[in-house]
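Dear colleague,

Please find below the structure that I am handing over to you. My notes on its pockets and its cavity follow.

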Amino acid sequence: MLAQIGMSPMVATRTVRLSIVVPMLNEAAAIERTLGALAPLRARGVEVIVADGGSTDRSAALAAPLADAVIAAPRGRALQMNTGAAASHGAVILFLHADTALPNEADALIIEAMELRRAAWGRFDVTIEGRSPMLQVIAALMNQRSRLTGIATGDQAMFVERAAFFGLGGFPEQPLMEDIELSRRLKTCSAPICLTQRVTTSGRRWDTQGVWRTIFLMWTLRLRYWLGASADTLAKAYRQ
């Protein structure tokens, strides 16, 4: 049974076309900004579910007035997103990182594109917000790589038809690369919709760890994963 930290009474009674699931862990500094920006979408009928992985700061209390539900979930981004998806009602589910902002008309863009192209899933282009001008180049390379490979990352706000998501078993319960693995599986359903409109994600890791160090780390982890390294092994290297 899902533990409800906070829920709007409207959720269970309305028809929902799009649900947004936000995994959260100690995001008190960012969560109000992220969820506040979703208020116009909620006013248009979009459901917002926050899946909290056991925050020890004020994240849950701050999120509760700004979401349809804040639920307790096992810690780990994949586990939290799966738990949030299970609690959602939308025909399409979008997974949004707690430090990422959607375009203002994201709901209309997604529904229109999915109906027009008859695809099971997709993602947005991304802009990385931070101090280094190199972040613009990195974002452009990420977007182009995604188009060429058909692989999306969580920073790009992946969205997927509910039936396809649950039919494939949701995100694999692994501590890293869960977005890449789900993309691989979704490609068996359809090619992704690659929306050119941009989400804006925080470059805080790039700023604190250094741009070139982070580039090297990310590409090394990705290469090792493609070569067969386990997600558990890579997660240890990521946290170092």
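Which elements each supply at least two residues of the lining of the second largest pocket? They are α1 (31–36), β6 (100–101) and β9, where helices (H or I, at least four residues) and strands (E, at least two) are DSSP runs numbered from the N terminus.

This is a predicted model, in which local features need pLDDT of at least 70 and side-chain atom pairs count only at pLDDT 80 or more, while totals for chains, interfaces and linings use all residues. Residues are numbered from 1 along each chain as its sequence is written, and side-chain values use heavy atoms, without hydrogens and water.

The second largest pocket holds about 250 Å³ of space. Among its 14 lining residues, R33, T34, D99, T100 and E129 are the closest to its centre. A pocket is an open set of points on a 1 Å grid over the protein atoms alone, with protein on both sides within 12 Å along at least five of seven lines; a cavity is a set where a 1.4 Å probe fits but cannot get out; lining residues have an atom within 4 Å of a point. Points are joined across faces, edges and corners, and a volume is the space filled by probe spheres set on them.

The largest pocket has a volume of about 1,500 Å³. Its lining comprises 44 residues, with R77, H97, L176, M218 and Y238 nearest its centre. Elements that each supply at least two of its lining residues include α4 (77–87) and α10 (211–226).

The structure holds 1 cavity of 30 Å³ or more. The largest cavity, of about 40 Å³, is lined by M81, F95, G154, M158, F171 and D179.

Yours sincerely
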